[in-house]
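This report describes selected parts of the model shown below. Please keep the sequence and the structure in view while reading.

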Amino acid sequence: MKKLSEFVIGEKGTIVKVGGEGRIKRRLFDMGVTPGAQVMLRKKAPLGDPLEITIRGYELTLRKAEAEFVEMEVKTW
Amino acid sequence: MVKRFALAGNPNCGKTTLFNSLTGSTAHVGNWPGVTVDKREGLYKKLSEPVSIVDLPGIYSLSPYTPEEVISRNYILDEKPDCVINIVDVTNLERNLYLTTQIMEMDVPVVVALNMVDMLDKQGDVIDEKELEKRIGVPVVKISALKSTGLDKLMERAFEASNQKRASTSVLDNCEIAHLISDVRIALMGHDIENPLFHAIKLVENDELEVQMHPNTVKMVEEFKKTYVNPLFGTDFDALIADARYKYISKHFSPLLVKKQAGDKLSKSDKIDRVLTNKWAGIPIFLVILFSIFHLTFGEDFLYLGKIFSFASLEELGYGDSFGTSLLACFYDGAVFAPGVILFNLMDLLTSTLFGWITDLIAGWGASPAIVSFIGDGVLGGLGGVLSFVPQIVFLLLLLSILEDTGYMARVAFILDRLFRKFGVSGRAFIPMIMGFGCSIPAMINTRTLADEREKTMTLRTIPFFSCGAKLPILAAISGAIGALLGSDGGIISFAMYVLGMTVAVVSIIVMRNTTQKGDIAPFIMELPVYHAPGFRNLMILLWDKTKHYVEKVFTVILLSTIVIWFLSNFSWSWEFLMQEVDGEMVNLRMNESILGSIGMFIQPIFTPMGFGSQLNHNGWVFAVAAITGLIAKENVISTFGALAACVAGGLIGTEDGVSEVVAIMGSVGVAPSALWPAMIAFIVFNMTTIPCFAAVAAAKGETPKGKFKWTLLFWIVSSFIAASVTYIVLSWWWTSFIVVALIAVVIYVITTLNKKGQLKRSK
């Protein structure tokens with residue numbers, strides 16, 4: 001188990017749990033960040049934050065602070 | 001009654017392109033998620049009867065996260081369209097269908113339009129739309145909005161669907177809490193509530209809006225919920241529902257899209273992105289693009305060719321005065337002009353020539369000199385001054401829209417978020433701010449894409465500080481005049497003013513963040529759309545839209561205000577007409593006796609801290625008057641100077657850039673130029689940071705959250721007074737900068753200690 005915010009570029013995994021509260025969590029869900037979804041950390045912005053992930057076939061950006069709520073199962077292959 | 005079809009779908013799903021194709025009308029298309037914020041309607045005429053098409057804002061969900069979501073949701077629930085056409089980007093199927101599953105829970109006919117099938121074919125992927133239709137339970141039609149294929153079929157099926165009633169269905173029917181939802185639904189049906197299934201699900205989700213709407217039912221739902229505990233989600237019902245939707249989509253719908261095994265090969269969009277958001281090159285590239293846009297629009301020396309090759313001016317080349325020379329001077333005079341400047345010059349030449357003819361024509365009919373002056377200066381002069389700027393501003397908007405349409409703007413927000421967060425807003429606020437350099441009005445309308453109310457308020461308030469196109473002539477004329485009088489470079493002053501405006505914006509955001517707009521920074525969870533070439537048709541529609549908007553503004557507010565100003569400045573309180581003939585021209589040499597002049601003199605003292613108040617002699621009122629007329633439209637400031645210079649200098653000067661007028665005024669106020677320049681710069685600062693033009697104030701009123709508008713006006717007044725006064729004082733007496741720094745330190749200290757005390761209180 002690892003938080004999405006701790007991923008390195010190119011790392012892949014499956015979402016296990018999405019924490020956080022209220023609006024942020026709701027937004028994450030609406031954008032498809034739900035348990036079971038496959039995620040790849042594509043890149044970090046030039047200043048190190050926010051992050052860009054590939055999820056459900058599209059590119060989503062979110063801050064490290066928001067990625068901290070997302071718990072991941074790392075895929076190793 | 002004409003049938004109404006609503007277009008609903010995610011941002012960037014091609015909804016507005018479809019709308020444009022169906023209605024052939026005018027709507028804005030962009031790649032920035034959520035650009036379509038206005039309710040747009042148009043007619044589709046290819047069916048047996050015309051159908052009205054309503055373009056709903058682009059949304060990801062029907063939860064009330066953004067105002068757009070609330071607009072769309074309420075439209076479908078309350079206005080009851082005859083059919084909802086749900087556009088689904090087939091290249092992004094899962095997330096798009098998430099919205100579909102929610103729309104289907106309303107009792108409204110739904111047709112799914114699978115858009116971007118051309119992209120699908122290109123990638124070699126295949127979708128079984130017949131099977132999808134069976135599983136989803138509503139008609140599914142493959143279309144390409146861009147290539148206009150499948151649209152007739154889509155509309156036929158939507159028309160068929162609109163003739164029948166459709167009962168809501170839900171993908172949650174077999175999920176763990178299905179019985180809970182159905183219990184709530186039955187309870188709601190008992191109260192004769194429409195769309196019971198939709199409301200039941202939202203109530204179970206504990207949706208803010210729903211809880212407010214049905215307070216009684218909430219209690220019952222809470223009772224029901226107690227009987228149910230999910231091992232994984234606990235009592236987190238909205239998480240459970242979102243999860244169930246996506247699970248259902250992945251299981252039943254996603255397998256119908258068979259992807260050709262492309263593997264990890266980089267797409268074109270990925271390759272572009274690698275460069276544009278590169279760790280090292282990303283920010284420099286952004287700065288270069290930003291500079292290029294302004295250079296293309298405002299560059300008086302395109303690519304610096306004139307400087308590099310020391311081009312000769314037209315006069316030096318021996319061109320005499322003729323229309324041909326004037327025309328040539330639109331493109332070249334000692335330097336090649338940038339496209340935006342050429343557009344301005346051409347339009348300026350066109351309006352001044354045309355309006356000159358009209359004035360001569362009227363004079364030729366033997367109209368009285370007063371009427372000739374009224375039409376020439378009062379009406380046409382004002383119109384021309386503004387019309388000249390329209391092509392240049394529209395050109396700037398074109399460049400910015402290309403960035404938006406290609407998907408780059410979203411990346412700019414991505415690149416800059418970290419930096420902007422330091423000041424207290426998210427990277428998203430950057431787009432409306434940068435648009436402010438073109439014109440505050442579209443920029444203010446664009447703040448609708450900001451979900452957070454505080455962020456929206458702060459962005460709205462600071463937009464005018466990003467000096468718009470109409471403020472450019474103020475900058476050019478005054479800095480040109482200072483340059484001419486003191487032998488310094490006017491260009492540097494202009495540049496410094498732009499920087500100063502941005503600084504005031506940053507400072508005021510930081511101040512608001514720590515005083516009136518406290519709270520967490522808005523979340524930054526945003527789609528980064530795929531890059532694509534800008535759509536020519538969509539851009540043209542957008543430009544036409546904007547041009548129309550400006551021309552409307554010119555012929556309403558600005559025309560009216562120039563007429564009013566003409567009257568006020570040429571008549572005294574006793575209705576005496578003040579103009580007189582000098583060398584065959586009508587000139588007003590007694591404007592200080594006019595109504596406007598006396599108003600100016602009356603309020604002149606309030607500008608004393610800024611250097612253009614009581615320190616100046618009786619001619620100083622022109623600044624007060626120009627500042628007032630600027631509240632109507634910033635273009636008025638320089639045209640007012642033009643009229644007033646004629647009065648104080650005793651004759652018409654009439655230069656295109658307004659420099660000589662300002663020089664004349666500066667020479668007549670009784671203060672030496674070496675002492676006057678700080679006041680002139682403070683005058684620029686005041687105009688840049690004060691209440692923007694009429695039209696922008698109206699836009700701000702429409703966009704500011706309830707109850708904040710009057711504070712926004714006060715904010716502008718206060719910030720302009722402070723910024724201009726500090727500028728004047730520091731530039732006049734350099735040592736006062738230490739006092740200013742000390743004062744700032746005190747203010748910071750007071751705010752932080754007060755905030756700490758407040759926090760302590762709250763934590764207790």
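**A bridge partner in the sheet**

Which residue in β5(B) is the bridge partner of D89(B)? That partner is N115(B). The two strands concerned, β4 (residues 83-89) and β5 (residues 110-115) of chain B, pair in the parallel sense over six bridges; strands count as paired if DSSP finds at least two bridges between them.

**Basis of the description**

The model is predicted: local features need pLDDT of at least 70 and side-chain atom pairs count only at pLDDT 80 or more, while totals for chains, interfaces and linings use all residues. Residues are numbered from 1 along each chain as its sequence is written, chains are lettered from A and ligands numbered from 1 in the order in which they are written, and side-chain values use heavy atoms, with hydrogens and water left out.

**The open sheet of chain B**

In chain B, six strands make up an open sheet of mixed pairing, in the order β2-β3-β1-β4-β5-β7. Helices (H or I, at least four residues) and strands (E, at least two) are DSSP runs, numbered from the N terminus. The edges are held by β2 (40-44) and β7 (140-142) of chain B; each has a single partner strand, so one side of each lacks a neighbour in the sheet. From one strand to the next, the twist averages 25 degrees.

**Helices on the sheet**

Helix α1 (residues 15-23) of chain B packs on the sheet and touches β1 (3-9), β2, β3 (51-55) and β4 of chain B, contact meaning heavy atoms within 4.5 Å. The direction of α1 makes about 45 degrees with that of β2(B); axes are lines fitted to C-alpha atoms, for helices over the stretch in contact, and angles run from 0 to 180 degrees between N-to-C directions. Helix α3 (residues 93-103) of chain B lies across β1, β4 and β5 of chain B, at about 165 degrees to β4(B).

Eight of the nine residues of α1(B) are buried, so this helix is largely enclosed by the rest of the structure. Buried means under 20% relative accessible area (1.4 Å probe, protein chains only). Among the buried residues are L18(B), F19(B) and L22(B). Just after α1(B), G24(B) has a positive phi of about 60 degrees.

**The contact between chains B and A**

The contact takes 44 residues from chain B and 31 residues from chain A. There are eight salt bridges between the two chains, a salt bridge being a side-chain nitrogen of Lys or Arg within 4 Å of a carboxyl oxygen of Asp or Glu. One of them joins E94(B) to R56(A), with the closest N and O atoms 2.6 Å apart.

Methods: Buried < 20%, exposed > 50% of the residue type's maximum accessible area, 1.4 Å probe, protein only.
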